[in-house]
Amino acid sequence: MTQAPDTTPLVKIRDIRIDGRTDETWIPIIKGVNLTLQRGQVLGLIGESGAGKSTLGLAAMGYTRDGVRISGGSVEFDGIDLLTASAAVKRDLLGKRIAYVAQSAAASFNPAHRLIDQHVEGPVQHGIAGRKDSAEDGIALYRKLRLPNPEEIGFRYPHQVSGGQLQRAMTAMAMSCRPDLIIFDEPTTALDVTTQIEVLSAIRDIVAQYNTAAIYITHDLAVVAQMADRIKVLLRGEEVETADTRTMLDAPTQDYTKSLWAVRSFERPAKPAVQTGAVPVVSMQNVDASYGKVPVLHDVSFDIHAGRTVAVVGESGSGKSTAARCITGLLPPTSGQILFDGKVLPADYRKRSKGQLRQVQMIYQMADTALNPRMSIGQIIARPVQFYLGLTGKAKRQRVDALLEQIELDPAEYYNRLTSELSGGQKQRIGIARALAAEPRFIICDEVTSALDQLVAEGILRLLARLQDELSLSYMFITHDLATVRAIADEVVVMKDGRVVEQGPKAEMFSPPHHAYTDLLLSSVPEMDPDWLSNLLAERGVDNIGDAAVNKI
Amino acid sequence: MGNVLTIILQRLALGFLTLLVVSGVIFVAVNLLPGDFAQSILGQGATPEAVASIRRDLGLDQPMVSRYFTWLGGALQGDFGSSFAQASFANFTGSESGAGSVAQQIAPRFANTMFLAAVSAAIAVPFAIVLGVLAALYRNSIFDRATNIFTLSSISSPEFFLAYVLILFLAVLNPILPAVSNIFADMSFSERLEKTLLPALTLTLVVTAHMMRMTRAAIINLLSSPYIEMARLKGMSPLRVIVRHALPNALAPIINVVAINLAYLITGVVVVEVVFVYPGIGQLFVDSVKFRDIPVVQACCLIFAAAYILLNLTADIMSILSNPRLRHPK
């Protein structure tokens, strides 16, 4: 094959229209988008969930998921029309010249085979290299991607490798045939910030090194700013605008893009310091807890005062949610105690009185699974109203209506709906109303915004802030997102490996000197500056970011 | 692997416990059967004295609990007692050759049944799994539908009907195989195989549907997983996607269904044995129930129960082993 001159685009998508099937009808997902990608270029594709980013990314490979069809337009890869090409022609391109890196490497690696076996499958089946050569190349790629034990890691099964490492192994697998194009579909969304940064730098290096073109799909603007040469913004299946990364960041022309950029600026005003000697609403004192024989929490203590928000920050597995489970009584601590208004709460929720149970409510991360899909919204909210307050009949209905108004949903319209008819943000509002129905003084918010898009998440944060001011609620806000912490917290508790490593007022926590781990967390949060990652790497060196740095602490 | 070994030992112990419980149930159930051996052998004109005398000879006058433990103690040592029917014949003829022991009576029959089950399984399991894989590969195609219709109609037809249809086509119209499967101890393997083939084919038709449909369903169930999408996006052929990427992860449910069907091949073959006059354990079992020959009935039940438990145990262990998370702990 002759190398095409550099001026012809590698990918040329014209007026592509894609439909998805819901309830026996075809609903348009992508409504006529153009996309051009030159060799060696990285295009960032951003937008909210449901904007059609992944669908468009897969369409660039000539692939659609079940229940999705391409109804119009054209997709050309290096002059080959992928929409009319036979399955065999496409199979020959996929994996070999176009590769894919999925959002969750843990789910996208086959659990039944070793990493290296999956790595060599592409080259061997496409007839590019033998098993042995390809495996050696795999080890070389693992080394380039700075995976620990590159010689040995390939012989492990996916469940034996951590999420961040798997994501790099998947990037290596995508590279195994040295493709011309890689589609990265939210490759770091499921990772912790400190891990994300490692994966980002590894992906960026290797893509630059082999001059591979890439489409980088994400909803995180700061991430895309580090990775992409150009950015395309999508909204409900339509293009909003496309521009060079720097132009896009400095001078977005469209209102929607500007609103995306503005989300990160929400920050509620600081509250006055808590009076010394005030009795905290909830106080964890020297709590140890374990799952079976595995100890999870070690000597955890912190206080939450009336009308304040305490953000508990840490990576997955740091014990944030376990601390919440101890407070609710779902997991009785092995030692230590939990005080409510200065009085000791029974460790087990079964031993708590109705009044004690009422005071501690929870809002969950996945509103989808936390709400009973068989019950109407009215029933969901009415249940705690009746259970805790004993209201029935008209009084109950009035209370539910009042709650719906508090969360800014019209009672007449929503009372009889099922949760499946709501958007993600609306579902989360129902979760809030259900917690409020018990009229608690303390609410645990467990990653309540992490499954939501930035604009929607901001709406939820503003609602929570307003409710706190009106009802003088105390929040324990569990999150791994430091932008959220900045927006809503009064005090911050940083956890690592089941211990509190640092705690204090937000202002102090966000200014130096920090505990080394807090510092690492803060410095790992991507910023909108496109030079941020390069600067950070230059400043710290590759060995002082991510897991490597965590292990040093 | 120490982990896995513990699990296996636990399951074995549990299986043994189950067998113990089942033995109690069998004993009680068999003894609750109306009528008894003495009455059935003496017929309507039996005097109470004669019945009592035979009952005393056979130990039937002992209380049930002590009989149970005597029987259980013997069974644990491989001694299932003496067949009532054979024992009385031995009394009549005055010989003491030991021909009356249940174990001796069952052993050759059981071997025959196992042979039939093995031949059927050797045909049915690969056939069902290949059909299942192909049906999953060409899902919703004519082939898929035809396979489903064929296997479902064969499982829905009575076994004797299938047997007669096979006899009609393979023994009567085209005399390829013998219609009667009379098997003797000193037959050569190939002769034995030839005689066994027709019942084995009948049983294959009976058990294929279940295994094939489970294979198909288990594979299709996985086809929307991200790792299957990944395999497709790596440009792998549909056959490779199914055989290499879906099948290894679908093994656990398939193994379980295979085990249940294997157990059926051992315990549920009475009708087929009768049709083909195959001297297996099923026929012996039915005859013994007819004569109230309690020791034989009990022994057969115990063997059937053991087969079920052992096969399910094997299936459990193999499904556990098919999970790489357990084979290769972190």
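Helices (H or I, at least four residues) and strands (E, at least two) are DSSP runs, numbered from the N terminus. The model is predicted: local features need pLDDT of at least 70 and side-chain atom pairs count only at pLDDT 80 or more, while totals for chains, interfaces and linings use all residues. Residues are numbered from 1 along each chain as its sequence is written, chains are lettered from A and ligands numbered from 1 in the order in which they are written, and side-chain values use heavy atoms, with hydrogens and water left out.

**View 1. The second largest pocket and its lining in chain A.** A pocket is, on a 1 Å grid over the protein atoms alone, an open set of points where a 1.4 Å probe fits, with protein on both sides within 12 Å along at least five of seven lines; lining residues have an atom within 4 Å of a point. The space in this pocket is about 680 Å³, taken as the space filled by probe spheres set on the points. Of its 18 lining residues, A:V360, A:Q361, A:Y364, A:Y388 and A:R434 lie nearest the centre. Two or more residues each come from β16 (360–363), α15 (377–389) and α18 (424–437) of chain A; α15(A) gives the largest share, 5 residues.

**View 2. The contact between chain B and chain A.** With contact meaning heavy atoms within 4.5 Å, chain B brings 22 residues and chain A brings 28. About 2,400 Å² is buried between them, 56% of it from carbon and sulfur atoms; this is the accessible area (1.4 Å probe) lost on putting the two parts together, summed over both. In chain B, B:M230, B:L233 and B:K234 lose the most area to chain A, together 27% of what that side buries.

**View 3. The salt bridge of B:K234 and A:E121.** Their side chains meet at 3.1 Å, N to O. Between chain B and chain A there are 3 salt bridges, each a side-chain nitrogen of Lys or Arg within 4 Å of a carboxyl oxygen of Asp or Glu. On the side of chain B that touches chain A, α10 (226–233), α11 (238–246) and α16 (324–327) of chain B each give two or more residues. The most, 6 residues, come from α10(B).
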